[in-house]
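Let's take a walk through a protein model together. Have the sequence and the 3D view ready, and follow along as we go.

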Amino acid sequence: MSSLAEKGLSISKNALFSVFMNRAGRLLGRPFKVVLVLNEVANKLADKKSGDNKFKQLLDVMLTVVRLVKNYVSGSYRQIETQTILSGLGVLLYTLSPIDLVPDFIPVVGFLDDLSLMSWFVGAFQEEITRFREWEKTHASEAEEAEKDLVPAAVAVDTDKATPAVAELGHS
C-alpha cells in the first residue's frame, strides 16, 4: 500500500485537480473571495481536529497554509513562488469541495483523498512552510494588521453567514 503522500501526488496529477488549480489561478486575483474560501477551509479543517496524532499534525500544517495564503494575498508575505501559492490554494479548494475523487459525504473514506493531497503538498513544500512559520513568529503583529485591512470585521467574525465561497468553486 502506498503512503498518504504518494496517493496525494497521484491526486495532484489527476485532471480533476487541474480544475482546482485553474480555479485557484482565477481566484488569486480576487483577495476578498480568497479570504472567504480560506475561512471556510479553516473551519472545515478545525472541525476535524482530534488529539495529537499524525492527522492533527497535518491539519495544523494546513491551517498554516491557510495563513500563508492570507498573508500572500494581503501582500505582507511574498518570499514564496506564486506557483507554490497556487498549488496551496488548489489543495485548499479541493479540500473544501464536497465533490472530488472520493466525495466527502462518504464517512471516513471521503476525507482520505483530501488528507492524501494535503500530505503531498506538505511534503513537497515543507521548506516553504517552515520558512513562513519562522517569518510568522517575527512578523505576527504586522500580519494581523494586514489581515484586518483585507477582511472586513463582519466577514471575519461570522463566516457561516457570509456568502458561501463554494459558489466560487462552481458548486451551488
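Which residues in H2 are buried? They are Phe 17, Phe 20, Met 21, Arg 23, Ala 24 and Leu 27. These residues lie on the same side of H2, because they cover an arc of only 165° around the axis (the arc is that of the directions from the helix axis to the C-beta atoms).

A quick word on the ground rules. This is a predicted model, where local features need pLDDT of at least 70 and side-chain atom pairs count only at pLDDT 80 or more, while totals for chains, interfaces and linings use all residues. Residues are numbered from 1 along each chain as its sequence is written, and side-chain values use heavy atoms, with hydrogens and water left out.

Back to H2, which runs over residues 15-27. Helices are DSSP runs of H or I with at least four residues, numbered from the N terminus. The expected span of a helix is 1.5 Å times one less than its number of residues, so the 13 residues of H2 should span 18 Å, and the end C-alpha atoms, 19 Å apart, agree with that. At the start of H2, Asn 14 has a side-chain oxygen within 2.6 Å of the backbone nitrogen of Leu 16.

Now for the rings. Searching the whole structure turns up nine aromatic pairs. Rings of Phe, Tyr and Trp (its six-membered ring) pair if their centres lie within 6.5 Å; planes under 30 degrees apart are stacked, over 60 edge-to-face, and the rest tilted. Tyr 77 is buried at 1% relative accessible area, and Phe 132 is buried at 0%.

Ring pairs also build a cluster of Phe 17, Phe 20, Tyr 94, Trp 120, Phe 121 and Phe 125. And look at Phe 20 again: the charged end of Arg 23 sits over its ring, 5.8 Å from the centre. For Arg, that calls for CZ within 6 Å of the ring centre and within 35 degrees of the ring normal (for Lys, NZ is used).

Conventions. Helix = DSSP H or I, 4+ residues; strand = E, 2+ residues; numbered from the N terminus. Buried < 20%, exposed > 50% of the residue type's maximum accessible area, 1.4 Å probe, protein only. Polar contact = N/O pair within 3.5 Å; in protein donor to acceptor, adjacent residues only side chain to side chain.
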